[in-house]
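Thanks for coming. I will go through one part of this fold and then stop for comments. Please have the structure open on your screens.

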Amino acid sequence: MKLVPLLKPFLVLLITFGFTIFFVRLIEPTNSSSPKNSEAMARSFILWLHGLGDSGPANEPIKGLFTSPQFKNTKWSFPSAPSKPVTCNYGSVMPSWFDIHELPVSDSSPKDETDLLKAVKNVHAMIDKEIEAGTNPNNVFVCGFSQGGALTLASVLLYPKTLGGGAVFSGWVPFNASILEQQTPEAKKTPILWSHGMADKTVLFEAGQAGPPFLERAGMTCEFKAYPRLAHSINNEELKYLESWIKTRLQSNS
């Protein structure tokens, strides 16, 4: 269903910023006093990619939920997308990883692979820098919401090494199947967590549902979690599950 043209750009931004404000109020960082097993954990890296019109710093409260001692040695990164014209918002300039041609996003929406691949290259540079600094690729996790979730998927699938995992929240498959010809055997081993609200009217639930079958055909494993009544946002339950999902995959120094 199309949004009213004059309201559409503002509604998109309202949804995105509403998500950020929700988490600033929801998350209260809790300090964990138990150092048990934390010294045995190697350095890890979590890269978070925000949604359209949002910013990296606005999403930093997310890390406050990750209170387990296993994350004592975790480095977080919340980069901000560059500002550029966005087609679905009638050319309005806003933070955007790549161009989006229409909203709502469905499983048949147009795909701008050229712009997407430029963004993927930038994400890969961030990952390369962290690995060169000494982080094991198996302890690198890329996560993202909405447009950031779509970029997460593309970045993980096309990274030449096996990573710890990729987590897609309310995202979609932003490329055609032909792009998988660029995928390495090592990339196929990276696990994917996909979470999507069933009441999402911005990135339709059907767009999320199309993800796991696509990944299975690519030879990858994907855990899909559907959240009833959840619209285009992330809730506390999703992030706490993400914490446990990453925790079980972290590699120790030993």
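Helix H3 is mostly covered: of its 12 residues, 12 are buried. Keep in mind that this is a predicted model. The list includes Gln 147, Gly 148, Gly 149 and Ala 150, and also Leu 157 and Leu 158.

What do the buried residues of H3 pack against? They pack against strands S1, S5, S6 and S7, and against helices H2 and H5, the latter being residues 211-217. From its first C-alpha to its last, H3 reaches 17 Å, close to the 16 Å expected at 1.5 Å a residue.

Now the residue at the start of the range. H3 covers residues 147-158, and Gln 147 belongs to it. Why does Gln 147 count as buried? Because its relative accessibility is 0%, and the cut-off for buried is under 20%. The side chain of Gln 147 reaches the backbone nitrogen of Trp 97 at 3.1 Å. Leaving aside residues up to four places away in sequence, Gln 147 touches His 50, Gly 51, Leu 52, Ser 96, Trp 97, Phe 98, Ile 100 and Trp 172.

Next, the sheet. It is open, with 6 strands in the order S2-S1-S5-S6-S7-S8 and parallel pairing. At the edges are S2, residues 74-77, and S8, residues 222-227, each of which pairs on one side only. On average, neighbouring strands are turned by 15° against each other, direction ignored.

Within that sheet, S1 (residues 44-49) and S5 (residues 140-145) run parallel and are joined by 5 bridges. One of the positions to look at is Phe 45, whose bridge partner in S5 is Val 140. H3 packs on the sheet and touches S1, S5, S6 (165-169) and S7 (192-197), with its direction at about 145° to that of S5.

The other helix to look at is H2, residues 113-132, which lies across S1, S2 and S5 and runs at about 165° to S1. H2 has 20 residues and reaches 28 Å from first C-alpha to last, close to the 28 Å expected at 1.5 Å a residue. Just after H2, Gly 134 takes a positive phi of about 120°.

That is the part I wanted to show. Comments, please.

How values were computed. Residues numbered from 1 in each chain as written. Predicted model: local features only at pLDDT ≥ 70, side-chain atom pairs only at ≥ 80, totals over all residues. Heavy atoms only, no water. Helix = DSSP H or I, 4+ residues; strand = E, 2+ residues; numbered from the N terminus. Buried < 20%, exposed > 50% of the residue type's maximum accessible area, 1.4 Å probe, protein only. Polar contact = N/O pair within 3.5 Å; in protein donor to acceptor, adjacent residues only side chain to side chain. Contact = heavy atoms within 4.5 Å. Pairing = 2+ DSSP bridges. Axes fitted to C-alpha atoms, helices over the stretch in contact; angles between N-to-C directions. Expected span 1.5 Å × (residues − 1).
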